[in-house]
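Opening the notebook on this one.

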Amino acid sequence: MRVTLLRSLTAGLLLALCGCSSGSSSDSSGTKTAGTLTVGSDLTYPPYAYLDGKTPAGFDPDISRALAKAAGLKSTFVDTRFEQLIAGLGTGHFDVIASDLYITDARKKQVDFVPYFTTGNSIVVRSSGGYRPTVVTDLCGKSVAVIKGGQIVEKLRGEAGTECKGKGEKAVDVREFGTDPEGTQALLSGQVDAQVTDGAVAKAAADRTSGRLTISSTSLIYPVQSGLAVKRGDTALKKTLTTALDKLKQDGTYAELLKKYNLGQAEGS
């Protein structure tokens, strides 16, 4: 009797110390808060992520909620500027980044990715006037608005700059803005000659400005995959998200969301 009681007390003490209980074990999904998927997203980036009143809306909130539901989790969002997202993930402010984060070799050294769609960039210009750049080399010597911290900054200053130099022209004058809407406003006010941004964002900007802006590029520039990002080595959460995404593919939710936002499937999907 005493031995049985001692074993029960010992087991109870161990459960208390590890934060476990007989009814629920530590969260196997890999989230920092049991039962909740906390998502970091830049909610100033329509149509991917923005606030509709006080409610996160757009592709990333839509698919994040669907992923959470498929994984048996609730979802909550932490509005974070784009250039601060990876740092915020590292300090535990959220579990996953869902904010049109392009998968690059440099970022692969910082986070682990779950590819979830393919996109690219478009060139946006004012409808008035005759400037109609269709490819990046048409931007040589021009001032171009881009989002701060985006991959496009490196592409325009690197690859495009080299191409411009090879043609004997000036490099692209890259102007970084904290948010895409700020870059769009700079274009509308004539502070820059063009804006280069994600294709879906460019379309939304052109639609939103009632014909004042137009997409001049004829195909996606620097096509790239975007990924959900988790901390390096977070295999539990990566597995949770991958399994949930597979469920969305099987039940048709994934295809519906891609069609709604005019996006392409992730490679291998």
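**Sheet, helices, cavities**

I began with strand 2 and strand 3 (residues 49-52), which pair in the antiparallel sense over two bridges. Strands here are DSSP E runs of at least two residues, helices are H or I runs of at least four, both numbered from the N terminus, and two strands pair if DSSP finds at least two bridges between them. T44 has Y50 in strand 3 as its bridge partner.

Ground rules, for my own record: this is a predicted model, where local features need pLDDT of at least 70 and side-chain atom pairs count only at pLDDT 80 or more, while totals for chains, interfaces and linings use all residues. Residues are numbered from 1 along each chain as its sequence is written, and side-chain values use heavy atoms, with hydrogens and water left out.

Then the helix pair. Helix 2 (residues 59-70) packs on helix 8 (residues 235-251) at about 100°, axes 8 Å apart; axes are lines fitted to C-alpha atoms, for helices over the stretch in contact, and angles run from 0 to 180 degrees between N-to-C directions. That makes helix 2 roughly perpendicular to helix 8, a label covering 65 to 115 degrees. I63, A66, L67 and A70 in helix 2 meet L241, A244, L245, K247 and L248 in helix 8, contact meaning heavy atoms within 4.5 Å. I get eight nonpolar, no polar and one charged residue there; Asp, Glu, Lys and Arg count as charged, Ala, Val, Leu, Ile, Met, Phe, Trp, Tyr, Cys and Pro as nonpolar, and the others, Gly among them, as polar.

Last, voids. My search of the whole structure gave two cavities of 30 Å³ or more; a cavity is a set of points on a 1 Å grid over the protein atoms alone where a 1.4 Å probe fits but cannot get out, and lining residues have an atom within 4 Å of a point. The volume, about 120 Å³ for the largest cavity, is the space filled by probe spheres set on the points, which are joined across faces, edges and corners. Of its 14 lining residues, Y45, Y102, I147, G150 and Q151 lie nearest the centre. Strand 10 gives the largest share of that lining, three residues. The second largest cavity has about 50 Å³.

How values were computed: Parallel < 35°, antiparallel > 145°, perpendicular 65-115°, else oblique. 1 Å grid on protein atoms, 1.4 Å probe; cavity = no way out; pocket = protein on both sides within 12 Å on 5 of 7 lines; lining within 4 Å.
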